[in-house]
Amino acid sequence: MPTLPDLLHGDDDFLPERALVIVAHPDDIDFGTAGTVATLTDHGVEVVYGLVTSGQAGEPAELSAEDLADIRQAEQAAAGKVVGVTELHWLGFPDGAVESTLELRKAISRLIRMVKPDLVITQTPERNWDRIYAAHPDHLATGEAVVSAVYPDARNAKSYPELLDEGYEPHAVSRIWLMAGTDHNLRVDISAALDRKIDALLEHHSQNDARADVLPGMIREWAGDNAKASGIAGATAVESFRAVNTE
Ligand SMILES: [Zn+2]
């Protein structure tokens with residue numbers, strides 16, 4: 001079995017020990033980074049999920065927002081198990097109306113101080129014009145709030161002094177890996193994890209059952225094209241990120 005450094009292709013020798021993935025909606029993790037999550041947990045990295053909304057504005061239209069939130073939380077928990085994640089935190093912000101407010105930055109700062117990750121994986125705050133569906137406004141707002149929470153909020157004792165009163169001490173994250181962006185500088189060889197990424201995606205039954213026959217092929221094609229573009233010898237599937245040093 002390859003070691004973790006064999007699978008992380010960037011110009012950085014950083015190796016995470018504890019990662020926090022923060023996204024806007026259930027299934028964002030599984031489309032963007034479940035292969036990387038599985039690769040990390042395979043090599044002993046603890047991974048925790050934080051979700052800004054519960055996806056309550058998704059399909060199907062006939063379900064109430066409350067019922068859909070329950071279903072989607074359960075689906076995300078099942079998807080997490082497939083890739084070795086059992087700790088999930090739901091921040092409870094409204095789906096379809098996420099803004100990078102101080103309230104959201106505070107909630108994310110609290111989570112960072114609670115989980116104490118050295119790596120945070122999130123959505124890029126920059127709109128990628130080549131992938132417009134990845135640039136949902138909730139994704140951009142989540143990315144902006146997460147980056148602001150990593151630097152400066154979570155490490156600054158003077159940000160949200162009430163967090164100190166709650167017992168959450170400042171914490172500095174070492175790296176952010178941004179998904180769905182441009183100018184990637186980190187490629188993760190997920191060849192051994194691709195089947196689990198697909199299985200995790202298929203756990204989101206409420207969103208994916210109607211396309212369950214085509215989704216695996218789509219994901220294999222994306223990951224395969226990414227692998228070819230990466231030039232990594234022997235890789236058949238790759239997820240790419242913009243890694244940012246936040247030490
Ligand atoms: Zn989303």
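My entries below go from the overall fold to single residues.

**Ground rules.** I number residues from 1 along each chain as its sequence is written. The model is predicted, so local features need pLDDT of at least 70 and side-chain atom pairs count only at pLDDT 80 or more, while totals for chains, interfaces and linings use all residues.

**Overall fold.** I looked up the secondary structure and found ten helices and eight strands. Helices (H or I, at least four residues) and strands (E, at least two) are DSSP runs, numbered from the N terminus. Next I checked the radius of gyration, taken over C-alpha atoms, against the globule rule of 2.2 Å times the number of residues to the power 0.38. For 247 residues a compact globule would come out near 18 Å, and the chain has 17 Å, which agrees. The C-alpha trace spans about 50 × 50 × 35 Å along its principal axes.

**Burial.** I call a residue buried if 20 or more other C-beta atoms lie within 10 Å of its own, exposed if 12 or fewer, and partly exposed in between, with C-beta atoms placed from the backbone. On that count, 49% of the 247 residues are buried.

**The sheet.** I traced an open sheet of eight strands in the order β1-β7-β8-β6-β5-β2-β3-β4, with mixed pairing. Two strands pair if DSSP finds at least two bridges between them. At the edges sit β1 (8-10) and β4 (87-90), each pairing on one side only. The twist averages 25° from one strand to the next; axes are lines fitted to C-alpha atoms, for helices over the stretch in contact, and angles run from 0 to 180 degrees between N-to-C directions.

I then looked at β5, where five of the five residues are buried. β5 pairs with β2 in the parallel sense over four bridges, and five bridges join β5 to β6, also running parallel. Leucine 119 of β5 is the bridge partner of alanine 19 and stands opposite arginine 175 in β6. β1 and β7, by contrast, run antiparallel and are joined by three bridges, with histidine 9 partnered by arginine 187 in β7. α5 packs on the sheet, touching β2, β3, β4 and β5, and its direction makes about 160° with that of β2.

**Helix α6.** I checked its length with the expected span, 1.5 Å times one less than the number of residues. The 14 residues of α6 (residues 137-150) should span 20 Å, and the end C-alpha atoms are 20 Å apart, which agrees. Twelve of those 14 residues are buried, so α6 is largely enclosed by the rest of the structure. Its buried residues pack against β2 (18-23), α2 (28-32), α5 (102-115), β5 (119-123) and β6 (175-179); contact here means C-beta atoms, placed from the backbone, within 7 Å.

**The core.** A nonpolar core is a set of buried Ala, Val, Leu, Ile, Met, Phe, Trp, Tyr and Cys residues joined through C-beta atoms within 7 Å. The largest one has 67 residues, and Ile108 and Val150 are among those with the most contacts inside it. α6 gives the most to this core, with seven residues. Leaving out residues up to four places away in sequence, isoleucine 108 touches Ile22, Ala145, Val146 and Ala149.

**Aspartate 183.** Is aspartate 183 buried or exposed? It has 9 C-beta neighbours inside 10 Å, so it counts as exposed. I found aspartate 183 in the loop between β6 and β7 (186-189).

Note on methods:
Two residues are in contact if their C-beta atoms, placed from the backbone, lie within 7 Å.
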